[in-house]
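Keep the structure open beside the text as you read.

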Amino acid sequence: MHGPEKSDLPIVAGKSANKAAPAAAEPMERRGGIEGKAELQSTVRTRSRAAVSQAQDRLRQAVARNKKERLTALLHHVSLDTLRWAFFEQRKDAAPGIDRLTWEEYAVDLETRLADLHDRLHRGAYRALPSRRRYIPKPDGGRRPLGIAALEDKIVQTAGVAILTPIYEAEFLGFSYGFRPGRGQHDALDALAAGIARKRINWILDADLRSFFDTISHDWLVRFVEHRIGDRRIIRLLRKWLQAGVLEDGRVIETVAGTPQGASASPLLANIFLHYAYDLWADRWRRRHASGEVIIVRYADDQIVGFEHRQDAERFLADLQERLARFGLRLHPEKTRLIEFGKGAIAARRARGLGKPETFDFLGFTHLCGTRRDGTGFVLGRKPVRKRMRARLRAIREMLRRRMHDEVAATGRWLGRVVRGWFAYFAVPGSMRWLAAFRHWVVQTWLAVLRRRSQKHRMTWGRIAGIANRFLPRARILHSWPEARFAVTHPR
């Protein structure tokens, strides 16, 4: 979650100068201007962050002392400091919910608003508002529904997640990577690459849950949370979030299942649900039923399971479908595949007169079986998913057309940030060809747009190449080899 920038708005009303004494007002303005307000905000934010960190430390200690007992007193940790910290964690430019209240408006009288919110929370008078439904395009042409919560609901959810996270971090398993502190997408990619390289993996199950966030059972989720949380006030708060509903086309729609994507609490709630519905079961299955080696990597609702033996993979898939059905979940029939993949896949398929092993996509990368340059030895190949790369290039082309008549330097600075962001994620070992191709297509598109600015253009390829070298980063590998980095982050 990105923290907000320093605001120009005060959060505590200062002592104003007498209006009849302009000479006295001038020195006060110098102290209380933008710099003074920023310093005040920074101080308050630091104090609030420290209070939240201390509360989380106390919860970790409580969990360590009572690994099996339910925690019955938690709501007092949602203090005024925690709510203030949660407010500053919100994005200043985020779209407002149905309350139409923005970050800047809330900050004008922040302490009074937070005190009122804190009072309503602890009296049980807090009510969650429906989320505002919004759709964003998906790379495959579909639309993904997002729920934009009201600002106070975002604050309360962020504060609640901060309190619950240290409790569940002690519960979650190692192969779960999505939306967890200190873990990211590249950690999951490294774990998958290291598992395929180190284990005897010959089959990959690419399992896709159908509409997971929209079909989470509220009853099962509450029951799962109650395994660890015994504070009834926290459970009531959770139910308020789940049952708030969504506003779409001017009418409120009751939600009987699912958690809104985009809500602050949704990632943690999804992890809790899958921890009990999938992770614990899958870990127990591979220890009790597998005849060969098995690796599991899960990032939110995306999971890859690798097997040594095909019969293990087929049995796991059948058992998984039965397990998920118990909790109201289903695998997507068209996106769930069992493929031959791994160190021995190339030779095994060649011996049977088959072509190259199939590929699978995970977290934006297409994974493929390859060999070293001398034709010997297995190498895990990774490249950006083609449709995502094309979608990104189309978006860049559209934005360049909108900026056609902007100054070249301004467009270059913006385009440099876009390309650096793309490289920051996709510049993994073995992807140099695709990095260079992406940069080349961006420069080529920029050239075509600049040439359209005038019928008598003087923009040559040599000139645009010089401009691109000034603003765009060169294609280079930014990430370490996944197995080496995994060995460092997981020394066991």
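## Overall build

Of the chain's 492 residues, 48% are buried (under 20% relative accessible area, 1.4 Å probe, protein chains only). This is a predicted model, in which local features need pLDDT of at least 70 and side-chain atom pairs pLDDT 80 or more, while totals for chains, interfaces and linings use all residues. Residues are numbered from 1 along each chain as its sequence is written, and side-chain values use heavy atoms, leaving out hydrogens and water.

The C-alpha trace spans about 95 × 75 × 45 Å along its principal axes. You will find 18 helices and eleven strands (DSSP runs of H or I, at least four residues, and of E, at least two, numbered from the N terminus).

## Two nonpolar cores

A nonpolar core here is a set of buried Ala, Val, Leu, Ile, Met, Phe, Trp, Tyr and Cys residues joined through side-chain atoms within 4.5 Å. The largest has 80 residues, and Ile 272, Phe 273 and Phe 316 touch the most other members. Helix H11 (residues 266-288) gives this core its largest share, twelve residues.

A second, separate core holds 56 residues, including Ala 188, Ala 300, Cys 369 and Val 449.

## The second largest pocket

What lines the second largest pocket? There are 22 lining residues, and Val 379, Leu 380, Gly 381, Gly 430 and Trp 481 are the closest to its centre. A pocket is an open set of points on a 1 Å grid over the protein atoms alone, where a 1.4 Å probe fits, with protein on both sides within 12 Å along at least five of seven lines; lining residues have an atom within 4 Å of a point.

Strand E11 supplies the largest share of the lining, six residues.

Technical notes: Buried means under 20% relative accessible area, exposed over 50%, partly exposed in between (1.4 Å probe, protein chains only).
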